[in-house]
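Please keep the sequence and the structure at hand while reading.

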Amino acid sequence: MDHRTEEFVERIRRGGKVEATDWMPDEYRKLLIKLIHMHAVSEIMGAYPEKEWVPKAPTLRRKLAIMAKVQDEMGHGQLLLRVVEDLAAPLGKTREDLIADIYTGKVKFHNVFHMEARTWADAGVIGWLVDGAAIINQAALLETSYAPYARVLKRICAEESFHMQHGENIILALAMGTKQQRQMLQEALNYWWESLLFFFGPKEVTPAAERMLYYRIRTKTNEELRQKFLDKYVPRIQSLGLTIPDEQLRYDRERKAWVYSEPDWDKFGRIVRENRGPKSRERMELRRSAHEEQRWVREAMARSHLPAG
Amino acid sequence: MKMEQDTRITDGQKFETALKYWLACLADDELTLGHRDSEWLGLCPDIEGDVAFSSIAQDEVGHAVFYFDLLHQLGEGDPDRLAFSRDQHLRRNAILLERPNGDWAYSILRHYFYDLFDDLRLQSMESSSYAPLRQGTQKIRREEYYHLLHMKTLFSRLGSAGGQARERMEEALLKVWPDLGDLFDFGPYEKELLEFGIISLSGSEVRRRWEEQVRDALLSIGFEWPGEIPSSSRSGRRGEHSSDLQPLLDTLCEVYAIDSNARW
């Protein structure tokens, strides 16, 4: 390790933060780009499952709330892309490339956003549990050694906690509603549960995760975060009279940890790596057509100027 | 102000009938366009455009909520019921607003033309004899100012960029033009609306001012005036809609209709 890298690592070990204009090792830059690009793209692709329910929201208040919520997600995507743009500029990458990477399959997005949103209850579960899981992930990243990411995360976490309340509110209405509504809700939970467990990633610490921990880009392991999620949500889900679709699920007092059935790691791994989820292709195509087929708009805006006066 | 409002109402059913009709036009215009705007989610040319369109969509639906709430206060049932369970022949929105979004050029041009119209319509309510409307429109106009600015900027830049953008804007103009007629139709109670001072400008006066501004806007980007706005055979204001409205309503009301008595 060269002297500069040694000093850099020493600095972040002491809790020092890195700014976009600071020198940084190539490996650190590339890890950040990989992580934040995936985060940004997940926010953007995360708008699609809910997009299907925005026009169908069943009351005026819900319509306003879900529109605001999905707008926030897009806004987070935009803020995060700006962070990646700065990091990727020395490598000659632009915003155009970062977006194109989505439909050329060069960047991955979270497994949950490959899944279908089949009913209004799914839209509620996305707001409540998917966003709930995301908050746990993101809150753990607030300590990250890369300061521009931490600043954006601070805002994201604040907004996400509103989303969770929005989702929880939809869920409560359904849980206290008619038999048909409760059934819709239970089916949504059944459908999403396994995806939610997978969301936090594999149990073992992968080599890439190892390097992120080394550079203090992240400070918690996947399993620690998954346990946190279970701590927080299992009691809440049960208090609504819902059944979690996992007969093995229990809290082990000795080990002070939740025991759960393993999600199908292979299946979800393929969904993320190979974009083979039920909605992966369709949503990538939406992103491609939005970007490619409207290039004329971005080009026109770049070459036109406001008329004088 | 409250006194004024109450005396007017006791003056007769006419005031209330005209007012309710007018509020339904306003609410349905804003809900329909806000709904269409929200369909752009995830499909805009860039992420910034997506955030902006979504913000505008929320404003439009927010304005619809304001008008539906006023209708509710006047005894017209629950706002959600008004929004989600009225048949299409009771919907009062202009036909232009129920048209599918088309391409970006069409959406921007339609929005700009509507926002200009809406600004004039709001001006005509700024000294309304109906106090809640007068107060509400002042706030709404502050928001609409930014929509108008945004849409005017996009309109001017796309229109003056040449190439494909210009061609698409020309096509959009031709597509929008025949649908403009019923926008300025203030319905069967226009006379009462003016007499009672609910509004201060007639539909034809709003149209005259609108044409003046649109003529200038078109001229500034080198577009020709497409000729007189054709009078339409149908009027959305009177519940005579195109075949584009029903599919929109089917989507809008899909979840609500699963059980319209449930709490959602």
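This is a predicted model: local features need pLDDT of at least 70, side-chain atom pairs count only at pLDDT 80 or more; totals for chains, interfaces and linings use all residues.

The face of helix α8(B) that is turned away from its buried side carries the exposed residues Glu171(B) and Leu174(B).

**Helix α8 of chain B**

- Helix α8 of chain B runs over residues 163–176, and its 14 residues reach 20 Å from the first C-alpha to the last, close to the 20 Å expected at 1.5 Å a residue.
- The buried residues of α8(B) are Ala165(B), Met169(B), Ala172(B), Leu173(B) and Val176(B), and because they cover an arc of only 100° around the axis, they lie on the same side of α8(B).
- An α-helix has 3.6 residues a turn, so residues three or four places apart point the same way.
- The cover over the buried residues of α8(B) includes elements of both chains, namely α13 (295–303) of chain A together with α5 (95–98), α6 (104–123), α7 (131–159) and α10 (203–220) of chain B.

**Aromatic pairs and a cluster**

- Over all chains, a search of the whole structure finds 34 aromatic pairs; in one of them, the rings of Phe8(A) and Tyr28(A) have centres 4.8 Å apart and planes at 70°, so this pair is edge-to-face.
- Phe8(A) belongs to helix α1 (residues 3–13) of chain A and Tyr28(A) to helix α2 (residues 26–45) of chain A, so the pair ties together parts that are 20 residues apart in sequence.
- Phe113(B) counts as buried at 0% relative accessibility, and Trp177(B) counts as buried at 5%.
- One aromatic cluster is formed by Tyr112(B), Phe113(B), Tyr114(B), Phe117(B), Phe155(B), Trp177(B), Phe184(B), Trp210(B) and Trp225(B).

**Arginines over rings**

- In chain B, the charged end of Arg215(B) sits over the ring of Trp225(B), 4.1 Å from its centre, and Trp225(B) is also one of the members of the aromatic cluster.
- In chain A, Arg211(A) lies over the face of Tyr214(A), at 4.4 Å from the ring centre.

**Cysteines**

- The count of disulfides over all chains comes to zero, where a disulfide would need a pair of cysteine sulfur atoms within 2.5 Å.
- For Cys253(B), the closest cysteine sulfur is that of Cys25(B), and because the two sulfurs are 18 Å apart, they are too far from each other for a bond.
- Cys253(B) counts as buried at 10% relative accessibility, and Cys157(A) counts as buried at 12%.

**A buried glutamine in chain A**

- Gln181(A) lies in helix α8 (residues 179–199) of chain A and is buried, with a relative accessible area of 1%.
- When its neighbours within four places in sequence are left aside, Gln181(A) is in contact with Ala173(A) and Leu174(A) of chain A, and with Ala262(B), Arg263(B) and Trp264(B) of chain B.

How values were computed
Residues are numbered from 1 along each chain as its sequence is written. Chains are lettered from A and ligands numbered from 1 in the order in which they are written. Side-chain values use heavy atoms; hydrogens and water are left out. Helices (H or I, at least four residues) and strands (E, at least two) are DSSP runs, numbered from the N terminus. The expected span of a helix is 1.5 Å times one less than its number of residues. Buried means under 20% relative accessible area, exposed over 50%, partly exposed in between (1.4 Å probe, protein chains only). The arc is that of the directions from the helix axis to the C-beta atoms. Contact means heavy atoms within 4.5 Å. Rings of Phe, Tyr and Trp (its six-membered ring) pair if their centres lie within 6.5 Å; planes under 30 degrees apart count as stacked, over 60 as edge-to-face and the rest as tilted. A charge sits over a ring if NZ of Lys or CZ of Arg is within 6 Å of the ring centre and within 35 degrees of the ring normal.
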